[in-house]
Amino acid sequence: MLNDFNTYLQSFMGGKLREDISKKHQQNTQRILEIFNPIHDSTHRLGEAIEKNLAQGIWKPNTARTYIQSFKTFLTFLGTMIVSQHLGYKHISMSTIELVKAQVSRIATTLSSMCLKEKKAMGEEDGDRSINPNDLKTYLTSDRAESAENLLKSSSMVTRDIHTTVRNYLIMRIATSNAHRTACISNMTLTEFNNAKMVDGDCVVYVHKHKTSKTFGPAEVVLTYDLFQSVSTYVKKFRPKSSTNELFLAWGGLKMDSAGILNCFGTELAYVGIEKK
């Protein structure tokens, strides 16, 4: 079944992923299948098993989150096999898979929240300053964020200030829904963005250059379809012309490093009256 999954991921239906990425999804899914059988086990068992591994320190929240994201893709694969009436999958009920997918989505949300809390409590080893989720919520409901949204929809000219406003707004939105280090945002390339894959209605960008890539493979930056379209507008209308391949650039066309991303956070939060030390 896992070999079929690997083949599926490299096919047109599965997104034509590179072999190293599909292999990593296969390995991650294997870790979930070691503790949970989606066909026979109660849906509650998965949450209980993950909670146990977290409590015993076997997995960290970010590790579990990576595994569960791959498992979501595996469930989509199973659904595809059932719908196509593949001979080896006729014993699997689509209703069962849908129930498991709903549980997995809830678990993924919980793990994302745990990752953000862990970052806030412990900080990042590379010096990242964590952002309080409440601060992000305050920013995203502010006049500053609304102004950026309006610029995305209607701006016909691009100045340095307009570019900065739109770029920072999109970076803040990506940070809100992804518990990754800032390097994942600064290292995300235009090529990786253009090669994003649709997974369960979201667009997933696979970022290859990040701190734990040798252990966990590419980082998965998940964008809602709406956010993906907004970033696409940034690329077409606002992104400086440059030979640099990174997605988000400084006004002069140079790459932004992690410190530059952190400065975006500080700048935008200051606009809504939140000072970060």
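Which residue with a positive phi follows H13? Gly 273 follows this helix, with phi near 85°. The model is predicted, with local features needing pLDDT of at least 70 and side-chain atom pairs counting only at pLDDT 80 or more, while totals for chains, interfaces and linings use all residues. Residues are numbered from 1 along each chain as its sequence is written, and side-chain values use heavy atoms, with hydrogens and water left out.

Helices are DSSP runs of H or I of at least four residues, numbered from the N terminus. H13 has 14 residues and spans 20 Å from first to last C-alpha, close to the 20 Å expected at 1.5 Å a residue (1.5 Å times one less than the number of residues). At its start, a side-chain oxygen of Asp 257 lies within 3.2 Å of the backbone nitrogen of Ala 259. Buried residues (under 20% relative accessible area, 1.4 Å probe, protein chains only) of H13 include Gly 260, Leu 262 and Phe 265. The buried residues of H13 pack against H6, H7, H8 and H9.

Two helix pairs are listed below, with axes fitted to C-alpha atoms over the stretch in contact and angles running from 0 to 180 degrees between N-to-C directions.

| Pair | Angle | Axis distance |
|---|---|---|
| H8 (160-177) and H13 (258-271) | about 100° | 10 Å |
| H2 (19-33) and H4 (61-83) | about 100° | 8 Å |

H8 and H13 are therefore roughly perpendicular (65 to 115 degrees). Their contact (heavy atoms within 4.5 Å) includes Ile 171 and Met 172 of H8 and Ile 261 and Phe 265 of H13. H2 and H4 are likewise roughly perpendicular, and their contact includes His 25 and Ile 32 of H2 and Tyr 67 and Phe 74 of H4.

Terms used:
Helix = DSSP H or I, 4+ residues; strand = E, 2+ residues; numbered from the N terminus. Parallel < 35°, antiparallel > 145°, perpendicular 65-115°, else oblique. Buried < 20%, exposed > 50% of the residue type's maximum accessible area, 1.4 Å probe, protein only. Polar contact = N/O pair within 3.5 Å; in protein donor to acceptor, adjacent residues only side chain to side chain.
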